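Dear colleague,

I am passing on the structure below, and would be glad if you could look through it with the notes that follow.

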Amino acid sequence: MSDVLLEVKNLEKHFATPKGMLHAVDGVTFAIERGKTLGIVGESGCGKSTTGRVILRLLEATGGDILFEGKNIREFNKDQMRRLREDMQIIFQDPFASLNPRMTASEIIGEPLVIHKKVSSKKELDERVAELMALVGLSPRLINTYPHELDGGRRQRIGIARALALKPKFIICDEPVSALDVSIQAQILNLMQDLQEQLGLTYIFITHDLSVVKHFSDDIAVMYLGQLIEKASAKDLFENPSHPYTRALLSSIPSIHLDHKMERVVLQGEITSPINPKPGCRFAPRCQHATAECTDREIGLTEISAGHFVACRTAIEVVC
């Protein structure tokens with residue numbers, strides 16, 4: 001059996017607007033091994049959350065393939081996708097907006113079990129909900145509480161328990177700690193890492209927080225205006241960033257060390273419109289190294305060292 005659980009090939013998602021087609025996701029390609037975490041980072045509007053939703057078919061792709069355990073799920077019908085939902089789940093960004101305010105904690109966690117007919121009695125349902133609550137560190141006394149009665153951390157634990165209810169293999173974590181207090185973020189991240197080790201889960205971790213993704217991910221993919229511009233192991237990306245945009249992102253991370261030597265890179269220039277974008281590097285208008293050659297053709301991801309891919313003409317030429 002292949003170690004690759006999920007493979008995405010040339011994934012595209014375009015939206016029709018009055019001014020033309022908005023290229024939210026454009027030619028995204030990557031693979032994730034079982035039990036690993038791929039972090040996807042980038043500024044707001046780069047398409048990272050849309051990528052996650054398209055992979056789960058919460059949004060239908062415009063083009064490309066989504067292979068889960070070797071099967072192209074874009075070809076699945078409604079019944080096949082319903083069964084696949086047991087293996088693919090999502091943890092949403094806002095733990096308050098993603099929970100039904102009229103349902104108690106136990107009803108929210110137990111809902112997937114009822115919908116997919118995984119329990120045969122009320123007693124079995126209650127036992128399974130109690131197991132899930134214990135798994136994510138929720139006290140039994142909270143079983144009949146409503147979302148508005150809980151803090152953000154406990155609400156997110158309910159969301160995690162709901163995602164785990166059907167024993168999935170793969171979970172997309174869409175900025176799961178960005179809406180939480182800093183003191184709670186570490187608790188949720190530690191919980192998710194423990195669950196990954198315990199249950200053998202595979203994650204896509206979507207975030208804009210580089211300091212978080214560094215410690216949480218095995219590999220990191222950087223997105224800019226719908227495209228992957230760099231992908232490498234977490235260690236390699238932070239030690240040897242190759243794309244100018246990646247270097248700019250890393251330079252923005254605050255440091256408590258007085259001997260921190262990375263020079264702050266301030267981006268200037270106009271952001272390319274994602275509506276009917278022209279061929280060429282979309283970062284070129286903000287890149288100090290850009291030349292005419294950067295804007296006359298598409299520059300795809302190229303492997304510049306083992307497992308390190310970059311879509312930048314200058315970076316590729318330096319290595320070659």
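Leaving aside residues up to four places away in sequence, Asp 26 touches Leu 11, Glu 12, His 14, Gly 226, Gln 227 and Arg 282. Please keep in mind that this is a predicted model. Asp 26 lies in strand β2 and, with a relative accessibility of 11%, counts as buried. Its side chain is joined to that of Arg 282 by a polar contact of 2.4 Å. The C-alpha atom of Asp 26 is also separated by 9.8 Å from that of Pro 274, although the two residues are 248 places apart along the chain.

The sheet to which β2 belongs is an open one of four strands, in the order β2-β1-β4-β5, with antiparallel pairing. Its edge strands are β2 (20-33) and β5 (71-72), each of which pairs on one side only. Within this sheet, β1 (residues 4-17) and β4 (residues 63-68) are paired in the antiparallel sense over five bridges, and Lys 9 has Asp 65 in β4 as its bridge partner. Helix α1 (residues 48-55) packs on the sheet, where it touches β1, β2 and β4, and its direction makes about 115° with that of β1.

How far is α1 enclosed by the rest of the structure? Six of its eight residues are buried, so the helix is largely enclosed; the buried residues are Lys 48, Thr 50, Thr 51, Gly 52, Val 54 and Ile 55. After α1 comes Arg 57, which has a positive phi, near 65°. The side chain of Arg 57 meets that of Glu 60 in a salt bridge, at 3.1 Å from N to O. Of this pair, Arg 57 counts as buried at 16% relative accessibility, whereas Glu 60 counts as partly exposed at 39%.

Lys 13 is buried and yet has no salt bridge, the nearest side chain of opposite charge being that of Glu 60, 7.5 Å away. What the side chain of Lys 13 does reach is the backbone oxygen of Glu 60, at 2.8 Å. Not counting residues up to four places away in sequence, the contacts of Lys 13 include Leu 22, His 23, Ala 24 and Val 25, as well as Thr 50 and Val 54; the last two, Thr 50 and Val 54, are among the buried residues of α1.

Turning to the salt bridges as a group, the structure holds 11 of them. One is formed by Arg 34 and Glu 69, whose closest N and O atoms are 3.4 Å apart. Arg 34 lies in the loop between β2 and β3 (37-41) and Glu 69 in the loop between β4 and β5, so the pair ties together parts that are 35 residues apart in sequence. Both ends are partly exposed, Arg 34 with a relative accessible area of 31% and Glu 69 with one of 32%. Through salt bridges that share partners, Arg 34, Glu 69 and Lys 169 are joined into one network.

Another salt bridge is that between the side chains of Arg 286 and Glu 43, at 3.7 Å from N to O. Here Arg 286 lies in the loop between α9 (244-251) and β11 (302-305), while Glu 43 lies in the loop between β3 and α1, so the pair ties together parts that are 243 residues apart in sequence. Arg 286 counts as buried at 15% relative accessibility, whereas Glu 43 is partly exposed, with a relative accessible area of 28%.

A further open sheet has eight strands in the order β6-β7-β8-β3-β9-β10-β12-β11, and its pairing is mixed. β6 (88-91) and β11 stand at the edges with a single partner strand each, so one side of each is left without a neighbour in the sheet. On average, and ignoring direction, neighbouring strands of this sheet are turned by 20° against each other. β6 pairs with β7 (residues 170-174) in the parallel sense over four bridges, and the bridge partner of Met 88 in β7 is Phe 170. Finally, α9 lies across β9 (219-224) and β10 (227-233), and runs at about 105° to β9.

With best regards

Technical notes
Residues numbered from 1 in each chain as written. Predicted model: local features only at pLDDT ≥ 70, side-chain atom pairs only at ≥ 80, totals over all residues. Heavy atoms only, no water. Pairing = 2+ DSSP bridges. Contact = heavy atoms within 4.5 Å. Axes fitted to C-alpha atoms, helices over the stretch in contact; angles between N-to-C directions. Buried < 20%, exposed > 50% of the residue type's maximum accessible area, 1.4 Å probe, protein only. Lys, Arg positive; Asp, Glu negative; His and termini not counted. Salt bridge = Lys/Arg side-chain N within 4 Å of Asp/Glu carboxyl O. Polar contact = N/O pair within 3.5 Å; in protein donor to acceptor, adjacent residues only side chain to side chain.
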